[in-house]
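Welcome! Please take a look at the sequence and the 3D structure here, and then read on for a short tour.

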Amino acid sequence: MSETTEGAKPHALLRLRIALPFALVALIWGSTWYVITGQIDAVPASWSVAYRFALATPAMFAVALLMRRSLRVSRAGHMLAVLIGLTQFCGNFNFVYRAELHLTSGVVAVMFGMLMVPNALLGRWLLGQRVTGRFLLGSAIAIAGIALLLLHEGRISPLGGNVLLGVLLAVGGILSASIANVVQANETGRALPMASLLAWSMLYGTAFDVLIAWTTAGPPVFPTAPAFWAGTAWLALAGSVVTFPLYYTIVRQIGAGRAAYNGVLVIVIAMLISTVVEGYQWSLLAGAGAVLGMAGMILALRARQV
């Protein structure tokens, strides 16, 4: 292996083909936490999720066709798509939307910064992706930063509802997302065009979403507020169709554990948006948490990719 290749691996994020989509995904997902709060006011959470992916699914199929990707998928590919649909596009989002009924969006966003941990562990277990000492050190620093951000968020935003239930729902969302993050990068997933795999996964996920919504919340509720449908369109098109192909490609390029550090950047962006839109109150605690989180992310991302 050449010296150039050896030197590129620890600094993969510095390459534009990874850095640009990494930043774009963080910018878009950083906005979605605020948008979701407007999606669960007048509509049951399950139907809000179902509407999001009912809109995203045909758009994802259209993207696959425009990219001239074959939609023919083997039986193993369909089974993988069902699993991703169930975990990512059904379980993850149903857990997240419900968690925000009990916790502030900032608390849920901060908790999702810990996605790096199950991603790294599952990547090691299922894909044989080794975890380096530098990655573990970076993760520990980032988790300390997340803890400070969570403490600050709890102080300025009194938690309402069933806090324990909200935390458990958020953890369920984290684990669901982590499973999908890792399994899509297995041998079967890598053999499929990303757009095609995501299109089928969203289709199956939407079917699960509608089934859960109808079972738990009854017939669909259609709000008339334009803001709701504008938010749904943003979450479906920008927050799903644009970002998931980019993010899953990053997972395949730098590993599930390091890709999950996108969540740390998302937290900071979400807080910056909240500062402008919601008057988020920064403090020394929050500043220290953001700095630690970013420092841990940089340290772990510079760890040698095995």
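The notes below go from the whole chain to a few selected places.

This is a predicted model, in which local features need pLDDT of at least 70 and side-chain atom pairs count only at pLDDT 80 or more, while totals for chains, interfaces and linings use all residues. Residues are numbered from 1 along each chain as its sequence is written, and side-chain values use heavy atoms, with hydrogens and water left out.

**The whole chain**
- The chain has 14 helices and 0 strands; helices (H or I, at least four residues) and strands (E, at least two) are DSSP runs, numbered from the N terminus.
- Of the 306 residues in the chain, 51% are buried; buried means under 20% relative accessible area, exposed over 50%, and partly exposed in between (1.4 Å probe, protein chains only).
- Among contacts with a separation of 6 or more, 90% join residues 24 or more positions apart, where contact means heavy atoms within 4.5 Å.
- Carbon and sulfur atoms hold 70% of the chain's accessible surface of about 13,500 Å²; accessible areas come from the Shrake-Rupley method with a 1.4 Å probe, and for residues, only the protein chains shown count as cover.

**Confidence**
- The average pLDDT of the chain is 82, and 87% of the residues score at least 70; pLDDT is the predictor's confidence in each residue, from 0 to 100.
- Residues 1–8 have a pLDDT below 50, and this stretch has 4 contacts in the model beyond near neighbours in sequence.
- Where pLDDT is low, the predicted coordinates should not be read in detail.

- Helix α5 (residues 105–112) is mostly covered, with 7 of its 8 residues buried; V107, V108 and F112 are among them.
- Helix α13 (residues 262–277) has 16 residues and reaches 22 Å from its first C-alpha to its last, close to the 22 Å expected; the expected span is 1.5 Å times one less than the number of residues.
- The buried residues of α13 include N262, G263 and S274.

**On the surface**
- Y34, V276 and V277 form a nonpolar surface patch with about 300 Å² of accessible area together.
- Y34 sits in helix α2 (residues 16–37), and it counts as partly exposed because its relative accessibility is 36%.

- R68 lies in the loop between α3 (45–66) and α4 (75–99).
- R68 has a positive phi of about 60° although it is not a glycine.
- Most residues other than glycine have a negative phi.
- With a relative accessible area of 77%, R68 is exposed.

How values were computed. Patches are made of residues with over 30% relative accessible area and no salt bridge: like charges are joined within 9 Å, nonpolar side chains (Val, Leu, Ile, Met, Phe, Trp, Tyr) within 5 Å. A salt bridge is a side-chain nitrogen of Lys or Arg within 4 Å of a carboxyl oxygen of Asp or Glu.
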